[in-house]
Amino acid sequence: MSVYWDEELETMSRHDLRHLQNSRLRDVISRVYGNVGYYTDKMKETGVTPDDIRTVEDLKKLPFTLKSDLRANYPFNTFAVPMDKVVRVHASSGTTGKQTVVGYTENDIEIWTECVARCLKNAGVTSSDMIHVAYGYGLFTGGLGLHYGAERVGATTIPISGGNTRRQIEILVDFKPTVLACTPSYALHLADEMSLMGVTKDQIDLRVGIFGAEPWTEEMRLQIEEKLGIRAYDIYGLSETMGPGVSMNCECNCGLHIQEDHFLPEIIDPETGEVLPEGSIGELVFTCITKEALPLIRYRTRDLTRLHYGKCACGRTLVRMDKVMGRSDDMLIIRGVNVFPSQIESVLLAFDNVEPHYMIYIDRVDNLDVMEIDVEMTGRFFSDSVKDIEKYENQLRHEIQSAIGVSARIRLVEPRSIPRSEGKAKRVIDRRKLFTPL
Ligand code: DLL
(Lines give C-alpha, C1' and ligand atoms only; values in the text may rest on other atoms or scores of the structure.)
Protein backbone atom coordinates (compact mmCIF):
# COMPACT_ATOMS: atom_id res chain seq x y z
CA MET A 1 0.00 0.00 0.00
CA SER A 2 1.38 3.41 -0.99
CA VAL A 3 2.37 5.76 1.82
CA TYR A 4 1.58 8.76 -0.39
CA TRP A 5 -1.75 10.34 -1.24
CA ASP A 6 -0.50 11.69 -4.55
CA GLU A 7 2.74 9.88 -5.32
CA GLU A 8 3.45 11.72 -8.57
CA LEU A 9 3.34 15.20 -7.01
CA GLU A 10 4.79 14.32 -3.63
CA THR A 11 7.86 12.56 -5.03
CA MET A 12 8.39 14.55 -8.25
CA SER A 13 12.01 15.39 -9.08
CA ARG A 14 13.05 18.89 -7.98
CA HIS A 15 13.69 19.72 -11.61
CA ASP A 16 10.16 18.82 -12.71
CA LEU A 17 8.67 20.51 -9.65
CA ARG A 18 10.51 23.76 -10.48
CA HIS A 19 9.15 23.57 -14.01
CA LEU A 20 5.60 23.18 -12.71
CA GLN A 21 6.08 26.00 -10.17
CA ASN A 22 7.47 28.36 -12.81
CA SER A 23 4.51 27.86 -15.10
CA ARG A 24 1.99 28.20 -12.24
CA LEU A 25 3.78 31.33 -11.01
CA ARG A 26 3.56 33.00 -14.43
CA ASP A 27 -0.12 32.14 -14.57
CA VAL A 28 -0.96 33.53 -11.12
CA ILE A 29 0.98 36.74 -11.70
CA SER A 30 -0.92 37.48 -14.88
CA ARG A 31 -4.21 36.69 -13.07
CA VAL A 32 -3.57 39.04 -10.16
CA TYR A 33 -2.18 41.77 -12.41
CA GLY A 34 -5.31 41.61 -14.57
CA ASN A 35 -7.91 41.17 -11.81
CA VAL A 36 -6.80 42.66 -8.50
CA GLY A 37 -6.50 46.44 -8.48
CA TYR A 38 -4.37 46.24 -5.35
CA TYR A 39 -1.72 44.11 -7.14
CA THR A 40 -1.88 46.07 -10.40
CA ASP A 41 -1.16 49.29 -8.47
CA LYS A 42 1.54 47.73 -6.33
CA MET A 43 3.36 46.19 -9.28
CA LYS A 44 3.16 49.41 -11.24
CA GLU A 45 4.56 51.33 -8.25
CA THR A 46 7.47 48.86 -8.09
CA GLY A 47 7.97 49.02 -11.86
CA VAL A 48 7.43 45.27 -12.39
CA THR A 49 5.25 43.81 -15.14
CA PRO A 50 4.05 40.19 -15.48
CA ASP A 51 6.70 39.69 -18.21
CA ASP A 52 9.44 40.29 -15.64
CA ILE A 53 8.34 37.24 -13.65
CA ARG A 54 9.37 34.12 -15.60
CA THR A 55 10.73 31.81 -12.87
CA VAL A 56 10.75 31.35 -9.12
CA GLU A 57 14.09 33.22 -9.03
CA ASP A 58 12.21 36.35 -10.16
CA LEU A 59 9.92 36.30 -7.11
CA LYS A 60 12.17 38.65 -5.19
CA LYS A 61 11.36 41.45 -7.65
CA LEU A 62 7.79 41.50 -6.31
CA PRO A 63 6.63 43.46 -3.27
CA PHE A 64 5.45 41.67 -0.11
CA THR A 65 1.82 41.43 0.93
CA LEU A 66 1.12 42.10 4.61
CA LYS A 67 -1.85 41.41 6.85
CA SER A 68 -2.35 45.18 6.99
CA ASP A 69 -2.78 45.19 3.17
CA LEU A 70 -5.64 42.70 3.54
CA ARG A 71 -7.16 44.85 6.26
CA ALA A 72 -6.88 47.97 4.11
CA ASN A 73 -8.82 46.11 1.39
CA TYR A 74 -11.37 44.63 3.79
CA PRO A 75 -13.48 42.65 3.17
CA PHE A 76 -13.26 41.44 -0.45
CA ASN A 77 -11.09 43.87 -2.42
CA THR A 78 -8.12 41.51 -2.78
CA PHE A 79 -10.27 38.77 -4.36
CA ALA A 80 -9.21 37.90 -7.92
CA VAL A 81 -12.58 36.52 -9.11
CA PRO A 82 -16.10 37.97 -9.13
CA MET A 83 -18.16 37.15 -6.01
CA ASP A 84 -20.41 34.75 -7.94
CA LYS A 85 -17.39 32.42 -8.27
CA VAL A 86 -16.71 32.53 -4.52
CA VAL A 87 -18.40 29.58 -2.81
CA ARG A 88 -17.12 30.09 0.73
CA VAL A 89 -15.49 32.64 3.01
CA HIS A 90 -13.57 32.16 6.24
CA ALA A 91 -11.97 34.77 8.48
CA SER A 92 -9.01 34.85 10.81
CA SER A 93 -9.65 35.47 14.47
CA GLY A 94 -8.37 39.05 14.47
CA THR A 95 -7.10 39.11 18.04
CA THR A 96 -4.80 42.04 17.28
CA GLY A 97 -6.97 44.08 14.94
CA LYS A 98 -9.75 43.77 12.44
CA GLN A 99 -10.30 40.23 11.14
CA THR A 100 -9.13 39.36 7.64
CA VAL A 101 -11.51 37.67 5.26
CA VAL A 102 -10.45 34.92 2.88
CA GLY A 103 -12.45 33.48 -0.04
CA TYR A 104 -12.50 30.20 -1.99
CA THR A 105 -13.79 29.13 -5.39
CA GLU A 106 -15.02 25.59 -5.89
CA ASN A 107 -11.59 24.69 -7.24
CA ASP A 108 -9.88 26.28 -4.21
CA ILE A 109 -11.96 24.07 -1.91
CA GLU A 110 -11.01 21.05 -4.05
CA ILE A 111 -7.28 21.84 -3.74
CA TRP A 112 -7.59 22.48 -0.01
CA THR A 113 -9.37 19.14 0.43
CA GLU A 114 -6.60 17.35 -1.50
CA CYS A 115 -3.88 19.08 0.55
CA VAL A 116 -5.48 18.01 3.84
CA ALA A 117 -5.98 14.47 2.50
CA ARG A 118 -2.24 14.37 1.69
CA CYS A 119 -1.46 15.48 5.24
CA LEU A 120 -3.67 12.84 6.77
CA LYS A 121 -2.02 10.21 4.60
CA ASN A 122 1.38 11.46 5.86
CA ALA A 123 0.16 10.49 9.33
CA GLY A 124 -0.98 7.07 8.14
CA VAL A 125 -4.72 7.87 8.29
CA THR A 126 -6.87 5.63 6.05
CA SER A 127 -10.51 4.97 5.30
CA SER A 128 -10.57 2.51 8.22
CA ASP A 129 -9.99 5.35 10.67
CA MET A 130 -12.54 7.41 12.57
CA ILE A 131 -11.53 11.09 13.04
CA HIS A 132 -12.72 13.19 15.96
CA VAL A 133 -12.45 16.77 14.65
CA ALA A 134 -12.37 19.07 17.70
CA TYR A 135 -11.04 22.15 15.88
CA GLY A 136 -13.68 24.89 15.89
CA TYR A 137 -16.15 24.82 12.99
CA GLY A 138 -17.18 28.21 11.64
CA LEU A 139 -15.17 31.10 10.31
CA PHE A 140 -12.00 29.51 11.71
CA THR A 141 -10.52 27.23 9.03
CA GLY A 142 -9.55 24.36 11.37
CA GLY A 143 -12.85 22.47 11.64
CA LEU A 144 -14.08 22.51 8.05
CA GLY A 145 -10.52 22.21 6.67
CA LEU A 146 -9.86 18.94 8.51
CA HIS A 147 -13.41 17.79 7.90
CA TYR A 148 -13.26 17.88 4.10
CA GLY A 149 -9.80 16.24 4.04
CA ALA A 150 -10.93 13.48 6.41
CA GLU A 151 -13.97 12.70 4.26
CA ARG A 152 -11.80 12.68 1.13
CA VAL A 153 -9.58 10.03 2.73
CA GLY A 154 -12.79 8.10 3.36
CA ALA A 155 -12.42 8.13 7.14
CA THR A 156 -15.51 8.30 9.35
CA THR A 157 -15.64 11.93 10.46
CA ILE A 158 -17.05 13.15 13.77
CA PRO A 159 -17.67 16.92 13.45
CA ILE A 160 -17.69 17.55 17.21
CA SER A 161 -16.05 21.05 16.98
CA GLY A 162 -14.58 22.69 20.12
CA GLY A 163 -15.98 22.87 23.65
CA ASN A 164 -18.12 20.69 25.91
CA THR A 165 -15.11 18.66 26.94
CA ARG A 166 -16.97 16.05 28.99
CA ARG A 167 -19.17 15.20 26.02
CA GLN A 168 -16.06 14.93 23.87
CA ILE A 169 -14.61 12.39 26.29
CA GLU A 170 -17.85 10.42 26.30
CA ILE A 171 -17.57 10.21 22.51
CA LEU A 172 -13.91 9.18 22.68
CA VAL A 173 -14.92 6.33 25.00
CA ASP A 174 -18.15 5.29 23.24
CA PHE A 175 -17.43 5.79 19.50
CA LYS A 176 -13.74 4.90 19.84
CA PRO A 177 -12.30 7.26 17.19
CA THR A 178 -8.72 6.44 16.23
CA VAL A 179 -7.59 9.96 15.23
CA LEU A 180 -7.90 13.20 17.20
CA ALA A 181 -7.63 16.57 15.41
CA CYS A 182 -7.45 19.71 17.60
CA THR A 183 -4.98 22.25 18.96
CA PRO A 184 -2.16 20.72 21.03
CA SER A 185 -3.30 22.71 24.06
CA TYR A 186 -6.81 21.29 23.76
CA ALA A 187 -5.39 17.77 23.44
CA LEU A 188 -3.69 18.30 26.81
CA HIS A 189 -6.89 19.64 28.28
CA LEU A 190 -8.77 16.56 27.08
CA ALA A 191 -6.09 14.33 28.64
CA ASP A 192 -6.37 16.18 31.99
CA GLU A 193 -10.16 16.01 32.02
CA MET A 194 -10.01 12.33 31.19
CA SER A 195 -7.90 11.65 34.23
CA LEU A 196 -10.23 13.74 36.43
CA MET A 197 -13.17 11.68 35.15
CA GLY A 198 -11.23 8.48 35.88
CA VAL A 199 -11.00 7.58 32.17
CA THR A 200 -7.73 5.84 31.29
CA LYS A 201 -6.06 5.69 27.90
CA ASP A 202 -6.96 1.99 27.73
CA GLN A 203 -10.61 2.97 27.48
CA ILE A 204 -10.07 4.90 24.25
CA ASP A 205 -8.68 3.78 20.90
CA LEU A 206 -6.84 6.91 19.75
CA ARG A 207 -3.59 6.17 17.91
CA VAL A 208 -2.84 9.41 16.00
CA GLY A 209 -3.16 13.15 16.73
CA ILE A 210 -3.30 15.88 14.05
CA PHE A 211 -2.33 18.95 16.03
CA GLY A 212 -1.62 22.52 14.95
CA ALA A 213 -2.92 26.10 14.76
CA GLU A 214 -0.50 27.26 17.48
CA PRO A 215 3.21 26.91 18.23
CA TRP A 216 4.13 23.88 20.38
CA THR A 217 7.50 22.49 21.31
CA GLU A 218 8.92 19.01 20.80
CA GLU A 219 8.77 18.57 24.60
CA MET A 220 5.05 19.25 24.51
CA ARG A 221 4.63 16.78 21.65
CA LEU A 222 6.24 14.05 23.76
CA GLN A 223 4.02 14.84 26.75
CA ILE A 224 0.87 14.61 24.63
CA GLU A 225 2.01 11.31 23.13
CA GLU A 226 2.60 9.92 26.60
CA LYS A 227 -0.65 11.17 28.13
CA LEU A 228 -2.91 9.99 25.33
CA GLY A 229 -0.90 6.97 24.14
CA ILE A 230 -0.77 8.26 20.56
CA ARG A 231 1.62 9.41 17.84
CA ALA A 232 1.30 13.21 17.55
CA TYR A 233 1.74 14.91 14.16
CA ASP A 234 2.13 18.61 13.42
CA ILE A 235 -0.14 20.23 10.83
CA TYR A 236 0.51 23.82 9.77
CA GLY A 237 -1.39 26.42 7.81
CA LEU A 238 -2.90 29.86 7.91
CA SER A 239 -6.22 31.22 6.72
CA GLU A 240 -4.64 33.70 4.33
CA THR A 241 -3.05 30.96 2.23
CA MET A 242 -5.88 28.41 2.66
CA GLY A 243 -6.10 27.04 6.21
CA PRO A 244 -4.66 23.81 7.68
CA GLY A 245 -2.77 21.58 5.26
CA VAL A 246 -0.08 23.91 3.90
CA SER A 247 2.47 21.57 5.51
CA MET A 248 2.63 18.51 7.74
CA ASN A 249 5.28 16.18 9.11
CA CYS A 250 5.61 12.58 7.97
CA GLU A 251 6.54 9.48 9.94
CA CYS A 252 10.25 10.48 9.87
CA ASN A 253 9.45 13.55 12.02
CA CYS A 254 12.21 15.62 10.44
CA GLY A 255 10.25 18.70 9.44
CA LEU A 256 6.91 19.49 7.84
CA HIS A 257 6.58 18.87 4.07
CA ILE A 258 5.20 21.97 2.36
CA GLN A 259 2.68 21.39 -0.46
CA GLU A 260 5.10 23.18 -2.75
CA ASP A 261 3.14 22.53 -5.92
CA HIS A 262 0.60 25.02 -4.47
CA PHE A 263 2.60 27.26 -2.12
CA LEU A 264 6.03 28.69 -2.90
CA PRO A 265 7.98 29.29 0.31
CA GLU A 266 10.76 31.82 0.93
CA ILE A 267 12.64 32.67 4.12
CA ILE A 268 13.38 36.34 4.71
CA ASP A 269 15.05 38.45 7.33
CA PRO A 270 12.05 39.89 9.24
CA GLU A 271 13.91 43.16 9.80
CA THR A 272 15.25 43.88 6.31
CA GLY A 273 12.99 41.76 4.09
CA GLU A 274 16.08 40.31 2.40
CA VAL A 275 15.79 36.69 1.16
CA LEU A 276 18.03 34.49 3.32
CA PRO A 277 20.23 31.62 2.09
CA GLU A 278 19.03 28.04 2.40
CA GLY A 279 19.15 26.73 5.96
CA SER A 280 18.78 30.15 7.67
CA ILE A 281 16.12 30.80 10.28
CA GLY A 282 13.81 33.63 9.34
CA GLU A 283 10.26 34.62 8.48
CA LEU A 284 8.28 32.35 6.19
CA VAL A 285 6.73 33.99 3.13
CA PHE A 286 4.27 32.26 0.80
CA THR A 287 3.12 32.82 -2.76
CA CYS A 288 -0.06 30.89 -3.59
CA ILE A 289 0.39 29.63 -7.16
CA THR A 290 -2.87 27.77 -7.70
CA LYS A 291 -5.43 29.71 -5.65
CA GLU A 292 -8.20 31.41 -7.65
CA ALA A 293 -10.17 33.58 -5.22
CA LEU A 294 -7.31 34.89 -3.06
CA PRO A 295 -3.93 34.17 -4.61
CA LEU A 296 -1.63 36.04 -2.26
CA ILE A 297 1.79 37.03 -3.56
CA ARG A 298 4.75 36.96 -1.16
CA TYR A 299 2.52 36.94 1.91
CA ARG A 300 4.49 37.54 5.11
CA THR A 301 3.30 34.94 7.63
CA ARG A 302 5.35 36.31 10.59
CA ASP A 303 6.12 32.65 11.42
CA LEU A 304 9.76 31.86 12.09
CA THR A 305 11.27 28.67 10.74
CA ARG A 306 13.92 27.23 8.40
CA LEU A 307 13.70 25.23 5.14
CA HIS A 308 15.45 21.98 4.23
CA TYR A 309 15.59 20.95 0.58
CA GLY A 310 17.37 17.58 1.06
CA LYS A 311 15.33 14.50 0.21
CA CYS A 312 13.46 13.01 3.15
CA ALA A 313 13.79 9.34 4.09
CA CYS A 314 10.05 8.96 3.40
CA GLY A 315 10.77 9.57 -0.30
CA ARG A 316 8.89 12.87 -0.53
CA THR A 317 10.84 15.55 -2.39
CA LEU A 318 8.68 18.42 -1.11
CA VAL A 319 10.74 20.89 0.93
CA ARG A 320 10.55 20.53 4.71
CA MET A 321 10.11 23.37 7.20
CA ASP A 322 11.16 23.13 10.85
CA LYS A 323 8.46 23.18 13.49
CA VAL A 324 7.47 26.84 13.81
CA MET A 325 9.60 28.44 16.55
CA GLY A 326 7.14 31.23 17.16
CA ARG A 327 5.96 34.34 15.41
CA SER A 328 8.17 37.36 14.86
CA ASP A 329 5.37 39.38 16.46
CA ASP A 330 5.31 36.98 19.49
CA MET A 331 8.93 37.68 20.17
CA LEU A 332 9.24 39.43 23.49
CA ILE A 333 11.98 41.95 23.99
CA ILE A 334 12.74 41.85 27.67
CA ARG A 335 15.40 44.24 28.86
CA GLY A 336 16.68 44.29 25.31
CA VAL A 337 16.96 40.52 24.99
CA ASN A 338 14.87 38.69 22.37
CA VAL A 339 12.88 35.91 23.98
CA PHE A 340 10.43 33.44 22.43
CA PRO A 341 7.81 31.76 24.61
CA SER A 342 8.82 28.43 23.02
CA GLN A 343 12.31 28.73 24.57
CA ILE A 344 10.73 29.08 28.00
CA GLU A 345 8.41 26.14 27.31
CA SER A 346 11.37 23.92 26.41
CA VAL A 347 13.13 24.69 29.69
CA LEU A 348 10.04 24.21 31.84
CA LEU A 349 8.94 20.92 30.33
CA ALA A 350 12.36 19.35 30.83
CA PHE A 351 11.64 19.40 34.61
CA ASP A 352 9.83 16.62 36.46
CA ASN A 353 6.42 17.39 37.90
CA VAL A 354 5.90 20.42 35.65
CA GLU A 355 2.60 20.30 33.78
CA PRO A 356 2.53 21.67 30.21
CA HIS A 357 0.50 24.67 31.37
CA TYR A 358 2.17 27.99 32.14
CA MET A 359 1.55 31.70 31.84
CA ILE A 360 4.13 34.41 31.23
CA TYR A 361 3.44 37.92 32.53
CA ILE A 362 5.56 40.91 31.57
CA ASP A 363 5.36 44.21 33.43
CA ARG A 364 7.36 47.37 33.46
CA VAL A 365 8.27 48.45 36.98
CA ASP A 366 10.34 51.61 37.47
CA ASN A 367 11.26 51.54 33.78
CA LEU A 368 12.54 48.01 34.04
CA ASP A 369 10.96 44.96 32.41
CA VAL A 370 9.95 42.26 34.84
CA MET A 371 8.99 38.75 33.77
CA GLU A 372 6.95 36.45 35.98
CA ILE A 373 6.08 32.89 35.08
CA ASP A 374 3.30 30.88 36.68
CA VAL A 375 4.18 27.22 36.32
CA GLU A 376 1.57 24.58 37.00
CA MET A 377 2.83 21.61 38.99
CA THR A 378 1.45 18.10 39.42
CA GLY A 379 -0.69 17.29 42.48
CA ARG A 380 2.03 14.82 43.50
CA PHE A 381 4.58 17.62 43.70
CA PHE A 382 2.53 19.63 46.18
CA SER A 383 1.77 16.69 48.45
CA ASP A 384 5.33 15.31 48.48
CA SER A 385 7.50 18.34 48.60
CA VAL A 386 5.95 21.40 50.19
CA LYS A 387 9.30 22.30 51.75
CA ASP A 388 11.03 22.06 48.39
CA ILE A 389 8.95 24.68 46.62
CA GLU A 390 11.46 27.44 47.10
CA LYS A 391 14.34 25.22 46.03
CA TYR A 392 12.47 24.17 42.91
CA GLU A 393 11.56 27.75 42.01
CA ASN A 394 15.23 28.65 42.29
CA GLN A 395 16.27 25.78 40.04
CA LEU A 396 13.76 26.82 37.39
CA ARG A 397 14.84 30.45 37.64
CA HIS A 398 18.45 29.42 37.21
CA GLU A 399 17.74 27.25 34.14
CA ILE A 400 15.66 29.98 32.50
CA GLN A 401 18.33 32.56 33.15
CA SER A 402 21.01 30.37 31.59
CA ALA A 403 18.86 29.39 28.59
CA ILE A 404 17.56 32.82 27.61
CA GLY A 405 19.81 35.25 29.44
CA VAL A 406 16.97 36.97 31.32
CA SER A 407 15.87 36.35 34.88
CA ALA A 408 12.26 35.61 35.72
CA ARG A 409 10.27 35.31 38.92
CA ILE A 410 8.86 31.83 39.10
CA ARG A 411 5.65 30.98 40.91
CA LEU A 412 4.71 27.32 41.21
CA VAL A 413 0.96 27.05 41.12
CA GLU A 414 -1.58 24.35 42.01
CA PRO A 415 -2.85 21.84 39.46
CA ARG A 416 -5.58 23.23 37.16
CA SER A 417 -5.08 26.85 38.23
CA ILE A 418 -3.93 28.05 34.78
CA PRO A 419 -6.92 28.70 32.48
CA ARG A 420 -7.39 26.07 29.75
CA SER A 421 -8.25 26.90 26.16
CA GLU A 422 -10.54 25.15 23.71
CA GLY A 423 -8.79 26.70 20.72
CA LYS A 424 -5.49 28.49 20.50
CA ALA A 425 -3.80 28.86 23.89
CA LYS A 426 -2.85 32.29 25.23
CA ARG A 427 0.39 31.97 27.17
CA VAL A 428 1.75 35.51 27.34
CA ILE A 429 0.24 38.57 28.94
CA ASP A 430 2.33 41.63 28.19
CA ARG A 431 1.12 44.40 30.48
CA ARG A 432 3.75 46.93 29.42
CA LYS A 433 1.41 48.36 26.76
CA LEU A 434 4.36 49.19 24.53
CA PHE A 435 2.47 48.63 21.29
CA THR A 436 -1.01 49.49 20.21
CA PRO A 437 -2.45 46.93 17.77
CA LEU A 438 -2.96 48.03 14.14
O1 DLL B 1 -4.56 28.26 12.55
C2 DLL B 1 -5.06 27.18 10.45
C3 DLL B 1 -4.89 25.85 11.09
C4 DLL B 1 -5.98 25.20 11.62
C5 DLL B 1 -3.65 25.24 11.10
C6 DLL B 1 -5.83 23.95 12.19
C7 DLL B 1 -3.48 23.98 11.65
C8 DLL B 1 -4.58 23.33 12.20
P9 DLL B 1 -5.04 30.98 11.44
O10 DLL B 1 -6.09 31.06 12.49
O11 DLL B 1 -5.10 31.95 10.32
O12 DLL B 1 -5.07 29.56 10.75
O13 DLL B 1 -3.66 31.10 12.17
C14 DLL B 1 -2.47 30.94 11.45
O15 DLL B 1 -1.37 29.98 13.38
O16 DLL B 1 0.49 31.87 11.01
C17 DLL B 1 0.89 30.29 12.84
O18 DLL B 1 1.34 31.42 13.58
C19 DLL B 1 -0.08 29.49 13.69
N20 DLL B 1 0.01 28.06 13.36
C21 DLL B 1 -0.78 27.35 12.57
N22 DLL B 1 -0.38 26.06 12.54
C23 DLL B 1 0.72 25.97 13.32
C24 DLL B 1 1.61 24.92 13.70
C25 DLL B 1 -4.87 28.36 11.38
N26 DLL B 1 1.45 23.67 13.32
C27 DLL B 1 -1.29 31.01 12.39
N28 DLL B 1 2.66 25.25 14.50
C29 DLL B 1 0.01 30.74 11.67
C30 DLL B 1 2.85 26.51 14.92
C31 DLL B 1 0.98 27.27 13.83
N32 DLL B 1 2.04 27.53 14.62
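**The ligand site and its context**

Modeller: A nitrogen atom of the ligand lies 2.7 Å from a polar backbone atom of Ile235, which is a polar contact, that is, a pair of N or O atoms within 3.5 Å. The model is a predicted one, in which local features need pLDDT of at least 70 and side-chain atom pairs count only at pLDDT 80 or more, while totals for chains, interfaces and linings use all residues. Residues are numbered from 1 along each chain as its sequence is written, and side-chain values use heavy atoms, with hydrogens and water left out.

A polar backbone atom of Ala213 is 3.0 Å from a nitrogen atom of the ligand. Ser239 takes part through its side chain, where an N or O atom is 2.4 Å from an oxygen atom of the ligand. Of the 610 Å² of accessible area that the ligand has on its own, the protein covers 95% (areas by the Shrake-Rupley method with a 1.4 Å probe).

The shell around the ligand comprises 20 residues, each with a heavy atom within 4 Å of the ligand. Asp234, Ile235, Ser239, Asp303 and Lys424 are the closest. By class, the shell holds nine nonpolar, five polar and six charged residues; Ala, Val, Leu, Ile, Met, Phe, Trp, Tyr, Cys and Pro count as nonpolar, Asp, Glu, Lys and Arg as charged, and the others, Gly among them, as polar. At least two shell residues come from each of α6 (141-153) and β7 (231-238), and β7 gives the most, with five. These elements are DSSP runs numbered from the N terminus: helices are H or I of at least four residues, and strands are E of at least two.

A pocket here is an open set of points on a 1 Å grid over the protein atoms alone, where a 1.4 Å probe fits, with protein on both sides within 12 Å along at least five of seven lines; lining residues have an atom within 4 Å of a point. Its lining has 26 residues, with Asp192, Ser195, Lys227, Glu355 and Thr378 nearest the centre. This lining divides into 10 nonpolar, six polar and 10 charged residues. The largest share, five residues, comes from α8. Because domain 1 (7-15 + 69-329) and domain 2 (337-430) both give residues to the lining, this pocket lies between them; the bounds come from an automatic or database domain assignment.

Some backbone details complete the context. The peptide bond from Tyr74 to Pro75 is cis, with omega near -5°, and Pro75 sits in the loop between α4 (67-72) and β1 (88-91). Arg335, in the loop between β16 (332-334) and β17 (337-339), has a positive phi near 45°.

Definitions and conventions. A polar contact is a pair of N or O atoms within 3.5 Å; within protein, one must be able to donate a hydrogen and the other to accept it, and residues adjacent in sequence count only if both atoms are side-chain atoms.
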